Amino acid sequence: MIVGIDLGGMSAKAACLENGKLTKIVRVETSAQASYAETAHALAVLAVRAAQEAGVGRDGIDAVGIGSPGIIDSGTGNVVLWSNFGWEDVPLAQSIAEELQKPVFVTNDANAAALGEAKYGAGKNYRNSILITLGTGVGGGIVIEGNLFEGYKSAGTEIGHMIIRQDGEMCTCGRRGCFERYASASALIRMTERAMRAHPESRLKEFVKEDGTAGGKTAFLAAAAGDLAGQDVVAEYIANLGEGIANLVNILRPEAVLIGGGVSNEGENLLRPLRAYVYPRLYAPVRYAPFEILRATLGNDAGLYGAAEYARSRIL
Ligand SMILES: [Zn+2]
């Protein structure tokens, strides 16, 4: 039995992967106030609970995989840096392995989601896929020939920080013009707010959230209602997203790009114009190397699937 753990700043979730499906998901609260040792112990206990829910105990666990925020050295299983929790080079895999007496592997949470979606979600029919998650930032991961690609010392695949505008908007990473400043859900909301100020006569204001501020859906709803300002925001957002995707596809040429996160709920309203933008910009045409842009299907569970799959791939 393989246990997957999805570690987050507010909670950690765990479940076992059995016959390609997750068993019952168990949760525990996490907190930046807790010490590293307390959190590591809580994760070990959580892994055993997940195994018990799957009908085995600690002895039935073959391996544990963890998707963790931050910079991860997946070779050692150390969390090199997770600033939210003040973790610097903590031996997460080793701590839990010593407590459980089982092999434990750690990868970055975005990478785990990409592996999960590639193997059990929208990418399961492809051996080469890229997951792009559109949320507060732009997260993602790359699966090549069925294996997660992490880069040297698993420090790669930070696709949200690919520059798409030299000297563009300032990013939290300290550089300007990053993909996530233009293609995240937060970027879409900023663009919508800007358009509302520039075009107070537009219908954008009819589609704001209850609190009167723009949401990720506002521009898409206004565009669908025929509003020109809304259509402009959507077209600009799709061009931003499409530019980054075309770069990634021209370098790696996967068979599919899988789009996750809140904005992906727009479904074909997002994907249809996105394909129309990306396909003509690919160096090798789609008729030569078939390529798809699809909506991710596992939602918040992608990280759990991927964490477990990561451990499975490491003990094979
Ligand atoms: Zn950046």
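Student: Which strand does Ile144 lie in?

Tutor: Ile144 lies in strand E11, which covers residues 138–144. Keep in mind that this is a predicted model.

Student: Why is Ile144 called partly exposed?

Tutor: Its relative accessible area is 33%. Buried means under 20% and exposed means over 50%. The value for Ile144 falls in between, so Ile144 is partly exposed.

Student: What makes Ile144, Phe149, Ile251 and Leu252 a patch?

Tutor: They form a nonpolar patch on the surface. Patch residues need over 30% relative accessible area, and nonpolar side chains are joined within 5 Å. Ile144 has 33%, so Ile144 passes that area cut-off. Together the four have about 360 Å² of accessible area.

Student: Let us turn to the cysteines. Why is Cys171 called buried?

Tutor: Cys171 has 5% relative accessibility. The limit for buried is under 20%, so Cys171 counts as buried.

Student: And what makes Cys173 partly exposed?

Tutor: Its value is 39%. That lies between the 20% and 50% limits, so Cys173 counts as partly exposed.

Student: How many disulfides are there?

Tutor: The count is zero. A pair of cysteine sulfur atoms must lie within 2.5 Å to be called a disulfide.

Student: What about the inside? Which residues have the most contacts within the largest nonpolar core?

Tutor: They are Ile132, Leu241, Ile245, Ile259, Leu270 and Leu274, in a core of 41 residues. Helix H7 (228–252) is one of the elements that supply at least two residues of this core. H7 gives the most, with ten residues.

Student: Which residues does Ile132 touch?

Tutor: Its contacts include Val138, Ile159, Ile245, Leu248 and Ile259, leaving aside residues up to four places away in sequence.

Student: Now the loops. Why is Gln101 called exposed?

Tutor: Gln101 has 60% relative accessibility. Exposed means over 50%, so Gln101 counts as exposed. Gln101 lies in the loop between helix H2 (92–100) and strand E9 (104–108). Its phi is positive, about 60 degrees, although Gln101 is not a glycine.

Student: Is Ser154 buried or exposed?

Tutor: Ser154 has a relative accessible area of 10%. That is under 20%, so Ser154 is buried. Ser154 is in the loop between strand E12 (147–149) and H4. Its phi is also positive, near 50 degrees.

Student: How do you know that Asn265 is exposed?

Tutor: Asn265 has 53% relative accessibility. The cut-off is over 50%, so Asn265 counts as exposed. Asn265 lies in the loop between E13 and H8.

Key:
Residues are numbered from 1 along each chain as its sequence is written. This is a predicted model: local features need pLDDT of at least 70, side-chain atom pairs count only at pLDDT 80 or more; totals for chains, interfaces and linings use all residues. Side-chain values use heavy atoms; hydrogens and water are left out. Buried means under 20% relative accessible area, exposed over 50%, partly exposed in between (1.4 Å probe, protein chains only). Patches are made of residues with over 30% relative accessible area and no salt bridge: like charges are joined within 9 Å, nonpolar side chains (Val, Leu, Ile, Met, Phe, Trp, Tyr) within 5 Å. Accessible areas come from the Shrake-Rupley method with a 1.4 Å probe; for residues, only the protein chains shown count as cover. A salt bridge is a side-chain nitrogen of Lys or Arg within 4 Å of a carboxyl oxygen of Asp or Glu. Helices (H or I, at least four residues) and strands (E, at least two) are DSSP runs, numbered from the N terminus. A nonpolar core is a set of buried Ala, Val, Leu, Ile, Met, Phe, Trp, Tyr and Cys residues joined through side-chain atoms within 4.5 Å. Contact means heavy atoms within 4.5 Å.
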